[in-house]
Amino acid sequence: MPVYCITGTNRGLGLEFVRQLAQSGDNTIIAAVRSLSSDLTDLKAVASPSTHILECDTGDIPSIHAFVKAVARTLGEGKKIDYLLNVAGVNLASSQSSLNLGPDELHAQLSINVIGPAKTVELFLDAGLLSPDVRVLNMTSGLASIQLSTQSARKCAGYSISKAALNMLTVHQSADLRAQLPGAVVIVMDPGWVKTRMGGAGAQLEPSKSIGDMLVVLHGLRPEDTGSFYCHNGEKLPW
C-alpha cells in the first residue's frame, strides 16, 4: 500500500488530491490540515477508511515537528512515505506590486510557501520516514517562472517571489536528498489556473482535471526527472 502525505487538504488542490487518491483502498493517505478545529466537512466526505487527518500548520515549525511525530505514530513501525506532496500555500495581498510590498505579507508567504516545505522534507528525512525512492512534489505556480514573467504582465509580486524561492529550494532538495536517498525524486509543478478559492472565478481548469493530470506525471517520474519544473500536463516549464 503506497503512502501519500499531503499538506493543505481541507480545501482546493489538496482536497482534490485526497478525493482522487481515496478512490483506491490500496492508498494510505496522511491528510494534513492547518487546524483540526477548522471546517473539515468536505475532507471527511471524500476520505477513505485509510485516510488519516492530522494537524500541521506549515507556517509554524513547532507544528511541523509535532506533525512528523504524529505521522510516525500513525504509520507505525516500518512504514514510510512514498509520495510527499507539499500543497499548502498562500497568496496574500495579490494587489501588491514590487513597489509597495508589505513586509508582513511577504514574510508570511515565505514562511508558508518556502520554509514550510523545506522543514517538512528535512524533518521527515531526519525521522527516517521517507522511503528510499520517495517522490516529493512542491506545488509552485507559473508566476514563479522568471522567463515567463518577463514575457507577460507581472502580478502577485509577493506570491511570485515566494514561489520562485520554492523553485530554487526544490533544485537544492533534488541534489541534497538524492545524496542521502539515491532513488529520491523532487520536482515542482504548476497546477495551472484552477477553479479554487485561490484561483478565483475566472480560472480555466477544473480541480479534477488539474489533479488527475498531476497524478499521471507524479506516478510516471523517473530518477532523471529530479529537479524539474513541470506544468500539470507534463510539459516542462522554463525557470
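Is Trp-239 buried, exposed or partly exposed? Trp-239 is partly exposed, at a relative accessible area of 40%, where buried means under 20% relative accessible area, exposed over 50%, and partly exposed in between (1.4 Å probe, protein chains only).

The legends below describe a predicted model, in which local features need pLDDT of at least 70 and side-chain atom pairs count only at pLDDT 80 or more, while totals for chains, interfaces and linings use all residues. Residues are numbered from 1 along each chain as its sequence is written, and side-chain values use heavy atoms, with hydrogens and water left out.

**View 1. The whole chain, with its seven helices and seven strands.** Read from the N terminus, the elements follow the order β-α-β-α-β-α-β-α-β-α-α-β-α-β; helices (H or I, at least four residues) and strands (E, at least two) are DSSP runs, numbered from the N terminus. The radius of gyration of the chain is 17 Å, which agrees with the value near 18 Å that a compact globule of 239 residues would have; the radius is taken over C-alpha atoms, and the globule rule is 2.2 Å times the number of residues to the power 0.38. Along the principal axes, the C-alpha atoms fill a box of roughly 50 × 40 × 35 Å. Of the 239 residues, 49% count as buried. Among contacts (heavy atoms within 4.5 Å) between residues at least 6 apart in sequence, 67% join residues at least 24 apart.

**View 2. The stacked pair of Tyr-4 and Tyr-83.** Rings of Phe, Tyr and Trp (its six-membered ring) pair if their centres lie within 6.5 Å, with planes under 30 degrees apart counted as stacked, over 60 as edge-to-face and the rest as tilted. By this rule the chain has three aromatic pairs. In one of them, the ring centres of Tyr-4 and Tyr-83 are 4.6 Å apart and the planes are at 10°, so the pair is stacked. Because Tyr-4 lies in strand β1 (residues 3-6) and Tyr-83 in strand β4 (residues 81-86), the pair ties together parts that are 79 residues apart in sequence. Both Tyr-4 and Tyr-83 are buried.

**View 3. The tilted pair of Phe-229 and Trp-239.** Here the distance is 5.3 Å centre to centre, with 40° between the planes. Phe-229 lies in strand β7 (residues 229-231) and Trp-239 in the segment after β7, ten residues apart. Phe-229 counts as buried at 2% relative accessibility, whereas Trp-239 is partly exposed at 40%.

**View 4. Helix α1 (residues 12-21).** Eight of the ten residues of α1 are buried, so the helix is largely enclosed by the rest of the structure. Among these buried residues are Leu-13, Leu-15, Phe-17, Val-18 and Leu-21, together with Glu-16 and Gln-20.

View 5. With a relative accessible area of 13%, Ser-160 is buried. Leaving aside residues up to four places away in sequence, Ser-160 touches Leu-143, Ala-144 and Lys-155.

**View 6. Leu-36 in the loop between β2 (28-33) and α2 (41-46).** Leu-36 counts as partly exposed, at 45% relative accessibility. Its contacts, not counting residues up to four places away in sequence, are with Ile-53, Leu-54 and Glu-55. The C-alpha atoms of Leu-36 and Pro-191, 155 residues apart along the chain, are separated by 26 Å.
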